[in-house]
Every structure is written in C-alpha cells, then in structure tokens.
Amino acid sequence: MSLDHALALVDAAGGVAYPNPTVGAVVVAGDAIVGEGVTEPYGGRHGEIVALAAAGGRARGATLYVTMEPCAHHGRTPPCVDAIVAAGIAQVVAGCLDPNPEAAGGLERLRAAGVEAVLDDRFAARRQNEAWRTWKQLGRPFVTYKAAITLDGRVTVPGTRWVTGEASRRHVHELRAAAAAVAVGMGTVLADAPRLDARDVPVVRQPRRLAFGRGPLPPESGLELRSGGLVDELAALAAEGVQSLLLEGGPTLATAFLEAGLVDKLLLYVAPTVSGSGPRFLGGLSSPRPLLHLSSRALGEDALLEAYLREP
C-alpha cells in the first residue's frame, strides 16, 4: 500500500533532514501515484509539500499518505495542513502522530477543514525518527546500549581480543557514524583507552565522544567527561542538541542506565562462542525489564538481537 511506499522513501533518504525529522509522502489518485517526496535538507520543504508540488492539479480529490502527521504550526516553513487543504486533498493517512507539542494537532486541523484524516499508527513509522521523537518527547537523547557477547552472556573470550566478527565490528562503526554522541564509563576508559570514533565507514560528522564518571580522564583520551547524575547529564546533552547516544560502556554503566530507565534500545551482537568465564554484559537489576519489538538477523557468523525498552 502507499503508506509502505512512503516509509520506503524515508528509508532510502537516510536521515537527509537531520536535525529535523525526515518524512515521506505519497499522493495517490485512483490507483496511481501522482506525486511523492521526502523532507528536504534542513530548512527545505517538508515531504508533503514536495509530493503536492509533484502532483500539481492531480492532488485535488486524491489521498495523501504521509509517514508522520502533517505539521500544524509555522516554523521555518508554513503549516503543511494549510497546503494540503489548499491543494484539495480529500483524505490523509498518517503513519504516526507528531510528538512535537508546537507542531502537533495536524490531523484535527485537517478534520476541521473537511479533510478525512486517518491515523494508521505504525511502529515502522515511529522508528524512522526515533531519536528525534525521544528528544522532543522526553527532553533527552535516545539511548541505545550495545554489547558484544558470547552465547553465555560474557563480554570477553579468554585468549582473544575480539568477541564478535568483522561484520559486527563494522556495524558498530556504522552506528557511531549515525549517532550524535558515543559514551563509555571510566572503567572502560582506563581498561581499553577507546577511541569511540567511526572508522572505515562513510561519515558525515563524527560523534561527540563522552565518558561518564568521576574522572580524571587520561590527558590523551580526547573524551568529554560527564560527571553529573545521569538524568541531569542527558538533559544537558539534549539542550546542546544531542538527539542520540550510543552507549558502549561495560556492565556497570549499562546497569546504571537501565536501573534509571534511560535505555531505549538494546543491541546485542551474539558470537557463536561459549566463553565459560569473565564478566557478564549486565549486573543485577532490581526488577525484570520487558522488551518490545524483538528481532534478530545474521551479521557474518554472529547474530544481532535488537529490542526496545519503550515505544519510540
């Protein structure tokens, strides 16, 4: 269906509108797509406006499928709902609501103007802008905790440097390239002297590289020390425009983030190895943490498990 097509447009665009959300839109008249588009780079047109411009007069009486509720406020561009009504669109189907309180309410505005407006809430649509959504909703970065583990949950394998294979390690560098910030704890800093930069993958901007803990940092680390409480530090990072944080710390830091309810997504790179000894990837938790949207896929000889701690 055409909402799936709009979602595919966003996937192909690769976050082109950052730091704004990337939204896809498709105009359908009868059984034909007569216009489509995605949000342009920062400051440009929203996806709905691009699609309406492509459709021209064929938009009158048509259906607009859009991955997120059209905006109802005047920011860098005029409200999309006004352009939709002016174009004569008869129906709008949105894949998720806009969590931005300044821009939300577009579907209600459309209904008030006589346009049939339908919410087809999709996890796939919310996932596409999950970092921006968390940043807007909760006032903190979207936190992903990743760990490379053995089948028995250990983070080391005696006698080897790496737990997982080359494909998994490359994927971590892709995650770093996409993240606004990457962080470890002081234990990892002192034990491994991590660089935390993205290497040997396409990079638009390197992430900020952080260490949570009391310090002091080794002078050659090149990391930023964040020594306050986790909630306060995440709020401060959000105020500085950091929308996403990739957490690569050891079990102490990961357990602290999970206990504080500050992990949104869990990524486990599982190697086909039983270590038999060594630290586990998490310490003890005060209560179980149910996971949502669990999925798995192969990465070389490893398996990547992905799950959410909360709905994006």
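Figure 1. Helices (H or I, at least four residues) and strands (E, at least two) are DSSP runs, numbered from the N terminus. This is a predicted model, in which local features need pLDDT of at least 70, side-chain atom pairs count only at pLDDT 80 or more, and totals for chains, interfaces and linings use all residues. Residues are numbered from 1 along each chain as its sequence is written, and side-chain values use heavy atoms, with hydrogens and water left out. Helix α2 covers residues 47–55. Its buried residues are Gly 47, Glu 48, Val 50, Ala 51, Leu 52 and Ala 55. Buried means under 20% relative accessible area, exposed over 50%, and partly exposed in between (1.4 Å probe, protein chains only). The cover over these α2 residues includes β1 (24–29), β2 (32–38), β3 (63–66) and α3 (80–87).

**Figure 2. Pro 19 in its loop.** Pro 19 sits in the loop between α1 (2–13) and β1. Is Pro 19 buried, exposed or partly exposed? It counts as partly exposed, because its relative accessibility is 31%. Contact means heavy atoms within 4.5 Å. Neighbours within four places in sequence aside, Pro 19 is in contact with Tyr 42, Trp 132 and Gln 243. Leu 258 is 239 residues from Pro 19 in sequence, and their C-alpha atoms are 26 Å apart.

Figure 3. A disulfide is a pair of cysteine sulfur atoms within 2.5 Å. By this rule the count is 0. Cys 80 is in no disulfide; its nearest cysteine sulfur belongs to Cys 71, 3.7 Å away. Cys 80 has 0% relative accessibility, so it counts as buried. Why is Cys 96 too far for a bond? Its closest cysteine sulfur, in Cys 71, is 13 Å away. Cys 96 also counts as buried, because its relative accessibility is 1%.

**Figure 4. The sheet of 8 strands.** This open sheet runs in the order β9-β8-β7-β10-β6-β11-β13-β12, with mixed pairing. Two strands pair if DSSP finds at least two bridges between them. β9 (224–226) and β12 (292–299) stand at the edges. Each has a single partner strand, so one side of each lacks a neighbour in the sheet. From one strand to the next, the twist averages 25°. Strands of a sheet pair through backbone hydrogen bonds, either parallel or antiparallel. β8 (residues 208–212) pairs with β9 in the parallel sense, over 3 bridges. Phe 212 stands opposite Arg 226 in β9.

**Figure 5. Two helices on the sheet.** Helix α6 (residues 130–138) lies across β6 (142–149), β10 (244–247), β11 (265–270) and β13 (302–308). It runs at about 130° to β6. Axes are lines fitted to C-alpha atoms, for helices over the stretch in contact, and angles run from 0 to 180 degrees between N-to-C directions. Helix α7 (residues 166–178) packs on the sheet too. It touches β6, β7 (181–185), β10, β11, β12 and β13. The directions of α7 and β11 make an angle of about 155°.

**Figure 6. The chain behind the close-ups.** The chain holds 10 helices and 13 strands. Its C-alpha trace spans about 65 × 40 × 40 Å along the principal axes. Of the 312 residues, 49% are buried. Among contacts between residues at least 6 apart in sequence, 71% join residues at least 24 apart.
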